[in-house]
Amino acid sequence: MRITITINGIDTEADIRGPESLLTLLRDELALPGSKNACEQGECGSCSVVLDGDVVCSCLVMAADAHGSTVRTVEGYGDHEVLHPVQEAMLDSGAVQCGFCTPGFVVAAAELFDTNPSPTSDEIREALAGNVCRCTGYGAILRGLEDLSANNAIAGDQTP
Amino acid sequence: MMYTTEKTTVAGGVGTSADRPDGTPKVQGNFAYSSDLSAHGMLWGATLRSPHAHARITRLDYAPALAIPGVSAVLTLDDVPGVKTFGMAVSDQPVLADGIVRFWGEPIAVVAAENADDARRAIEAIVVEYEELEPLVDPEVADERDSVFRRLEIRSGDQDVRGEVVVEGYYETATQDQAPLGPESGLAIPDGEGGVDLYVATQWSHEDHRQIAASLGVKDDQARVHLSGIGGAFGAREDVSLQIHLCLLALHTGRPVKMVYSRQESFAGHVHRHPSRMWYRHEANRDGTLVRVEAKLLLDGGAYTSSSPAVIANATYFAVGPYRCESVAVDGVMAKTNNPPCGAMRGFGAVQACFGHETQMDRLAAALDVDPLELRIRNAMGPGDRMPTTLQEIEGSLPTKRVIEQMRDMPLPPPDDATHPLHLPGGTGLTTDEAHVARGVGYAVSLKNLMFSEAFDDFTEARITITPVGVEVETAAAEVGQGLITICQQIVRSVLKMEHVAVTFVDTSQIGSAGSTSASRQTQMTGGAVLAAATELRDRVLNQYGGDDLDERGIWREGELIVTLGEMTDRELATHHVQFRHPPTEAPDEHGHGNLHVDFAVAAHRAVVDVDTELGLVRVVRVDTVQDVGKVLNPRALVGQIEGGIMQGVGLAVMEELVIDNGVIRNANFTDYLLPTFADAPEVMAEFIEEPSHFGPFGAKGAGEPPTISSTPAVAAAIRAATGRPITRVPVRPDDIVGL
């Protein structure tokens with residue numbers, strides 16, 4: 001079956017065998033391994049992508065069901081020159097250790113800040129409760145995103 | 001040529017929160033983990049595993065699997081050309097089943113196919129018939145039958161000493177999983193000449209290499225193990241999992257083979273933290289002096305040896321904790337059963353013992369009617385004291401009293417008046433009635449050895465080269481996420497005053513072993529090797545050129561630059577390689593005595609919990625800690641280790657448990673094996689004691705394990721304080737709180 005998906009702004013065609021997940025398609029067929037395969041059961045959020053505006057676990061989405069959709073993966077945030085503010089914030093706070101969960105956190109946090117540029121600590125915790133990190137204990141992730149939220153609030157106040 | 005210019009002021013040296021060099025690719029999603037690798041013409045591997053904890057294989061027919069188009073190979077133990085078993089200290093686990101399966105999930109056969117789906121289909125097509133055997137799953141029965149990996153009987157001091165106040169207790173800790181997010185995975189590529197290159201996530205590439213070469217029956221230089229990107233470890237990657245299988249498949253098919261475990265396979269494919277049963281008796285004088293500890297610690301090692309002998313030794317040696325005690329009788333038993341094999345996990349035996357000795361110290365304080373921290377301070381062990389078990393005199397720093405006192409003085413959080421349901425034990429499920437929430441505060445203190453013990457020849461190699469653009473560090477040490485890569489850079493920057501330091505993880509053919517990334521050892525061992533190599537290199541270069549200072553510009557004499565780095569063309573002069581050892585340790589005598597350990601660290605934890613006493617739910621509000629770290633090399637990375645380690649300790653305290661039913665893991669997935677999420681994460685306040693280690697770069701001590709050890713009993717103590725329930729087992733279940 002041949003499907004078409006817009007991935008990170010690029011119209012992409014892919015042949016799928018049948019039952020594979022969007023995660024498998026991205027990783028094994030489309031050379032986009034940034035989305036990670038940690039549980040493949042929708043529990044850990046390491047494979048998070050944005051599908052037509054919603055953060056989803058790409059391991060739970062049939063590739064065939066993504067036909068005609070718009071998908072944004074971790075590779076679609078920032079570019080070679082400039083990182084996304086969420087990526088910068090996580091680096092600054094030491095939120096990256098082994099980094100296996102990091103792509104999922106980047107995607108989920110970027111979408112949170114897209115809709116709510118100055119989330120509270122509780123809003124950050126709740127929005128990211130579907131992403132498991134085994135290394136950091138979440139403290140550094142929270143501090144980085146709290147700093148970003150505070151900076152956004154200041155920038156927002158200064159906007160005429 | 002002579003220059004006059006400004007010297008470099010180097011950034012990112014020791015003591016700074018230097019950035020990780022791998023941070024940017026990790027946030028961009030283009031850091032290559034072992035599960036991300038691919039090669040032209042690659043096959044996919046898969047593993048057939050036993051559905052039984054103990055059975056005899058009566059028939060194994062893989063012809064139907066080979067008949068599937070796209071399936072290239074099905075291998076069993078008969079296809080292992082070399083040593084048919086593997087294992088770190090003891091080679092007792094068959095590479096593939098030897099006719100008997102001894103635990104649930106034991107590998108029986110491996111296949112290689114054109115894609116992952118075909119490989120899975122091939123596994124399902126293999127016909128296996130079993131005669132089920134009775135599994136031995138009760139460690140107490142194993143103990144009675146003398147089915148054990150190791151016994152220790154430590155008798156120290158006058159065995160007739162008795163105290164005026166006695167407390168006894170029985171405690172259990174459950175099986176915990178390291179659950180690194182990166183699944184076991186790797187890529188083996190045959191070299192066409194009978195050799196193979198393996199790219200894999202591991203904690204110790206040279207130990208893997210030794211076992212791989214033996215089982216393949218190849219010369220040492222025909223197998224090369226390359227460190228790939230590692231998605232966490234925590235002990236789960238110290239043993240061989242798929243390494244030998246991948247190399248066998250690659251050599252058999254002549255093609256690259258990749259394998260990635262599913263999460264369920266990962267639970268079956270690596271060792272776990274040993275479950276424990278512990279009987280304790282503490283005796284003290286009325287003045288609070290601890291005078292005698294009797295204990296029996298029974299841990300279940302499962303079906304194969306792994307590192308179990310060292311884990312039970314650690315549990316036994318640290319059974320009393322960081323306290324003086326003149327009379328000790330501790331028995332340690334590591335049972336051999338048909339449960340899933342257990343081995344290394346962060347804390348390595350000290351975790352289990354700490355839950356026992358700290359609960360006992362609280363009980364003793366209650367019996368004596370004294371403050372639990374005062375009791376601990378009164379008995380705190382320090383430099384010059386002897387370990388109550390091994391009788392080793394403590395050398396260097398051990399600020400037990402200070403970590404307790406400083407923790408006691410940290411401010412407590414105010415009552416939580418936040419309105420968000422995340423602040424209630426029932427969370428956003430909205431199950432908690434606020435009228436039934438009780439707050440509790442609990443404390444615990446831990447002691448852990450650093451680096452390898454018991455006469456192990458523990459060494460690490462490193463090579464440092466000054467290049468025209470900076471410095472290259474070559475090592476085979478595994479960067480599992482903890483930040484060793486940054487520590488190496490910082491040490492070199494501080495010694496050579498050069499900011500541009502590249503750390504290259506080289507394969508087993510290019511350098512000797514760095515030892516395992518475990519036992520909180522790499523900062524002191526590989527960090528120490530890098531410090532020694534950089535210092536010796538600097539001195540040699542300065543001596544050669546008659547300089548008095550060195551930095552990123554070149555060699556200086558009396559304030560003038562005399563040679564630039566680009567002009568240093570003598571490659572041999574510009575490279576230095578070291579093999580670095582810590583001071584030797586002894587093997588224990590028949591009583592368990594001796595100078596068995598090279599260094600120690602203490603930590604104190606205070607947990608604050610809110611408990612829904614009606615529903616038995618717990619919210620860990622915060623965990624504060626004071627940790628003995630010797631010297632802070634990177635404050636931000638250190639806080640990261642401490643917060644992450646505490647989270648794993650909290651996990652064991654309130655939710656993490658592998659449910660094993662007659663040898664079968666019933667929750668081998670992330671839906672049923674609960675990991676702490678953002679909603680479960682306590683606030684953490686961490687403070688450090690910097691009393692330099694007698695052995696460690698700049699006085700630093702390893703810091704990875706202590707956060708995981710006493711955080712668990714601190715949370716349990718806080719739940720006990722909130723509820724008045726005994727809480728003698730972790731993880732604490734709702735039933736233990738509500739008491740149905």
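Hi everyone, let me begin with a term: a residue is called buried if 20 or more other C-beta atoms lie within 10 Å of its own, exposed if 12 or fewer do, and partly exposed in between, with the C-beta atoms placed from the backbone. One more: helices (H or I, at least four residues) and strands (E, at least two) are DSSP runs, numbered from the N terminus.

What we have here is a predicted model, in which local features need pLDDT of at least 70 and side-chain atom pairs count only at pLDDT 80 or more, while totals for chains, interfaces and linings use all residues. Residues are numbered from 1 along each chain as its sequence is written, and chains are lettered from A and ligands numbered from 1 in the order in which they are written.

Let's start in chain A. Helix H1 (residues 22-29) of chain A is largely enclosed by the rest of the structure, because six of its eight residues are buried. Those buried residues are A:Leu22, A:Leu23, A:Thr24, A:Leu25, A:Leu26 and A:Arg27. They pack against strand S2 (10-15) of chain A. Just after H1(A), A:Ala31 takes a positive phi of about 55°.

Now, how do the chains meet? Counting two residues as in contact if their C-beta atoms, placed from the backbone, lie within 7 Å, 47 residues of chain B are in contact with 40 residues of chain A. On the chain B side, helix H1 (23-28) and helix H14 (635-654) each supply at least two residues. H14(B) gives the most, with seven. By class, that side of chain B has 20 nonpolar, 20 polar and seven charged residues. For these classes, Ala, Val, Leu, Ile, Met, Phe, Trp, Tyr, Cys and Pro count as nonpolar, Asp, Glu, Lys and Arg as charged, and the others, Gly among them, as polar.

A nonpolar core here is a set of buried Ala, Val, Leu, Ile, Met, Phe, Trp, Tyr and Cys residues joined through C-beta atoms within 7 Å. The largest one has 289 residues, and those with the most contacts inside it include B:Cys247, B:Val492 and B:Val530. The largest share of this core, 10 residues, comes from H14(B). Leaving out residues up to four places away in sequence, B:Cys247 touches B:Ala188, B:Val196, B:Leu198, B:Ile212, B:Leu216 and B:Ala223.

Next, a helix pair. The axes of helix H9 (residues 350-368) and helix H10 (residues 372-379) of chain B come within 8 Å and cross at roughly 105°. That makes H9(B) and H10(B) roughly perpendicular to each other. In H9(B), B:Met361, B:Asp362, B:Leu364, B:Ala365 and B:Leu368 meet B:Pro372, B:Leu375 and B:Arg376 in H10(B). The residues of this contact divide into six nonpolar, no polar and two charged.

Finally, a stop at a loop. B:Pro421 lies between helix H11 (400-408) and strand S18 (437-450) of chain B. Is B:Pro421 buried or partly exposed? It counts as partly exposed, with 17 C-beta neighbours inside 10 Å. Apart from residues up to four places away in sequence, B:Pro421 touches B:Gly427, B:Thr428 and B:Leu430. B:Val602, by contrast, is 181 residues from B:Pro421 in sequence and 36 Å from it in space, C-alpha to C-alpha.

Terms used
Axes are lines fitted to C-alpha atoms, for helices over the stretch in contact, and angles run from 0 to 180 degrees between N-to-C directions. Angles under 35 degrees count as roughly parallel, over 145 as roughly antiparallel, 65 to 115 as roughly perpendicular and the rest as oblique.
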